[in-house]
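The following paragraphs lead through a protein model, beginning with a single residue and then widening to the whole chain. Please keep the sequence and the coordinates in view while reading.

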Amino acid sequence: MIEHLSDKKTLISVRELAKGITYTESLLTGWKPPLPIRRMSTKECDAIRKQWHIIVDGEKNSPPIKNFKDVRFPEPILKMLKAKGIVQPTPIQVQGLPVILTGRDMTGIAFTGSGKTLVFVLPLIMIALQEEIMMPIMPGEGPVGLIVCPSRELARQTYEVVEQFLIPMREAGY
């Protein structure tokens, strides 16, 4: 592998290496919102976004969700959300969960404590579950996802959030 790296490329930033690369298709996840959510008009979607002060940019934006049941999470995840006192999605979750679950890229900006971690952790769990169902993962295989954090403390907090949702999933037989 090292033999294939040229000296020129090792000194080029990731931004420069990615220049000119355009992704035209979303990651295939198999998730789609329930029919009533998919049938919401642009006007209805915009009204929800306006209510929550959500700004979206791009084409074919995912419709926002109104509650966690709209996301079709397994019962253990819904129970854990309720046990943690999370009964209604926050604005970043209203728009962010459907975006990521449909395999789209997203840059989400929200205040500390607004639920950003759940926006990437819960879809990661769902995609890993889908992969496991399609082709069981053998011990030692993986990872299905990678989370990069800027500090050890944030990495630890993120790990704890993931574990909080995986434990009841395992207990329920997932």
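Thr158 counts as buried because its relative accessibility is 5%, where buried means under 20% relative accessible area, exposed means over 50%, and partly exposed covers the range in between (1.4 Å probe, protein chains only). The model is a predicted one, in which local features need pLDDT of at least 70 and side-chain atom pairs count only at pLDDT 80 or more, whereas totals for chains, interfaces and linings use all residues. Residues are numbered from 1 along each chain as its sequence is written, and side-chain values use heavy atoms, with hydrogens and water left out.

Thr158 belongs to helix α8, which covers residues 152-171; helices (H or I, at least four residues) and strands (E, at least two) are DSSP runs, numbered from the N terminus. Once residues up to four places away in sequence are set aside, Thr158 touches Thr117, Phe120, Val121, Ile147 and Cys149, a contact being heavy atoms within 4.5 Å. Cys149, one of these partners, counts as partly exposed because its relative accessibility is 24%. Cys45, by contrast, counts as buried at 7% relative accessibility.

Helix α7, residues 116-134, contains Leu122. With a relative accessible area of 1%, Leu122 is buried. Which residues surround this side chain, apart from those up to four places away in sequence? Leu122 touches Phe73, Ile77, Leu81, Leu97 and Phe165. Ile100 lies 22 residues from Leu122 in sequence, and the two C-alpha atoms are 9.5 Å apart in space.

Leu78 is located in helix α5, which runs over residues 75-83. Its relative accessibility of 17% is why Leu78 counts as buried. Neighbours within four places in sequence aside, Leu78 is in contact with Phe68, Lys69 and Phe73. Leu78 and Phe68 are separated by 10 residues in sequence and by 7.2 Å between their C-alpha atoms.

Over residues 97-174 the chain is 56% helix and 0% strand, with 21 Å between the end C-alpha atoms.

For the protein as a whole, the count is eight helices and zero strands. The C-alpha trace spans about 55 × 40 × 35 Å along its principal axes. Of the 174 residues, 29% are buried. Among contacts with a separation of 6 or more, 66% join residues 24 or more positions apart. The protein exposes about 13,000 Å², of which carbon and sulfur atoms supply 58%, with accessible areas taken from the Shrake-Rupley method with a 1.4 Å probe; for residues, only the protein chains shown count as cover.
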